[in-house]
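Me: I am new to this structure and would like a close look at a single part of it. Please keep it brisk.

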Amino acid sequence: MCVENLKSLLNSVVSSSPLESLQRGNWVKLICGASFEDVVDIRNLSLVYTLAGVDCIDCAADASVVNAVNEGIEAARDITCLRRPWVMISVNDDKDLHFRKAEFDPEDCPADCSRPCENVCPANAISFQGKSTLGVSYNTEVPRVLKDGVITERCYGCGRCLPVCPYDKIRAVTYVRDAVTTADLIKRNDVDAVEIHTSGRQSTMFKELWHALGDSVKNLKLIAVSLPNGSDSTISTMNKLFSIIKPNLQSFNLWQLDGRPMSGDIGRGATKESIAFAVQLAKAEKRPPGFLQLAGGTNAHTIDGLKQEGLFQTTITAA
């Protein structure tokens, strides 16, 4: 297909706004990763998924990453007239699986190690190349250098390398995104939404983060809270968190149901927990207002599972 025909095809697609997608229940979000910081890949992903009509692009709360997302979006919009997806940044109030990096000293690795960590990494974030690889860095014309060990910007903390190391050399380094830096990012006006990852076990830390974001949240179109399944305590936790954000909430809000974190590429079984979480919340009474979104274990099998439960493309917001 020639470029002109491609442009004509894309221009013929009538896209709803991200808000309309939320209200209809067919909202689609690209998750680049709360810790994934490879700006070259992120720019390219943002370009492709903007062309595909995604409603939101979720990325790390880092200025260079946000720049890469927005550059990819604008590059796509230069190709054809598409509506702009929302840009969402992810932050955390405490230690969280989504906010960690693998780390090890390659000098400590035995020469005869089979390097299972390199083979199991889904992000190609572990390298034993020991050489420079010619490429183009974001907004520069310099080589990207791959060193032995973890390529930090590519590691998103899935943790699959940790148990396979035969010498127990790999460790996980956790971190918490700085609230003041996040507030400054939001104030730039090229961020539309924020997602707060929380365990929900201690609302005090969630409250501290929310208050630290201050008036910056007034610039947002959507506030999302990502939380795990707390079984019988989930609804009470959600209501407690909503009571914290409600006084300063001037946008729509969304609950991201994290069934099985960062496991979608494992296979069919990984999505069961995510679907079960959705079923639980869809049936729950007295849950706080907000859209519901699945995450953690979502993959090509999730839609079939939702259809079986009568939840696919169903708007399930609280009254």
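What do β11, helix α8 and β12 make together?

Reply: They make a right-handed β-α-β unit. Right-handed means that, with the strands pointing away from the viewer, the path from the first strand over the helix to the second runs clockwise. Helix α8 covers residues 234-245. Helices (H or I, at least four residues) and strands (E, at least two) are DSSP runs, numbered from the N terminus.

A word on the source. This is a predicted model, where local features need pLDDT of at least 70, side-chain atom pairs count only at pLDDT 80 or more, and totals for chains, interfaces and linings use all residues. Residues are numbered from 1 along each chain as its sequence is written, and side-chain values use heavy atoms, leaving out hydrogens and water.

Now β11 itself. Strand β11 spans residues 222-228. It is mostly covered, with 6 of its 7 residues buried. Buried means under 20% relative accessible area; exposed means over 50%, and partly exposed lies in between (1.4 Å probe, protein chains only).

β11 has a partner in β12 (residues 252-258), and the two pair in the parallel sense over 7 bridges. Strands count as paired if DSSP finds at least two bridges between them. L227 stands opposite L257 in β12.

β11 also pairs with β10 (residues 193-197), again in the parallel sense, over 5 bridges. Here E195 has A224 of β11 as its bridge partner. A helix belongs to this pair too: β10, α7 (residues 203-213) and β11 make a right-handed β-α-β unit.

Next, the setting. The protein chain has 10 helices and 13 strands. Of its 319 residues, 48% are buried. Take contacts (heavy atoms within 4.5 Å) between residues at least 6 apart in sequence: 80% of them join residues at least 24 apart. The chain exposes about 15700 Å², and carbon and sulfur atoms supply 50% of that. Such areas come from the Shrake-Rupley method with a 1.4 Å probe; for residues, only the protein chains shown count as cover.

G159 is buried, because its relative accessible area is 19%. K101 is 58 residues away from G159 in sequence, yet their C-alpha atoms are 8.2 Å apart in space.
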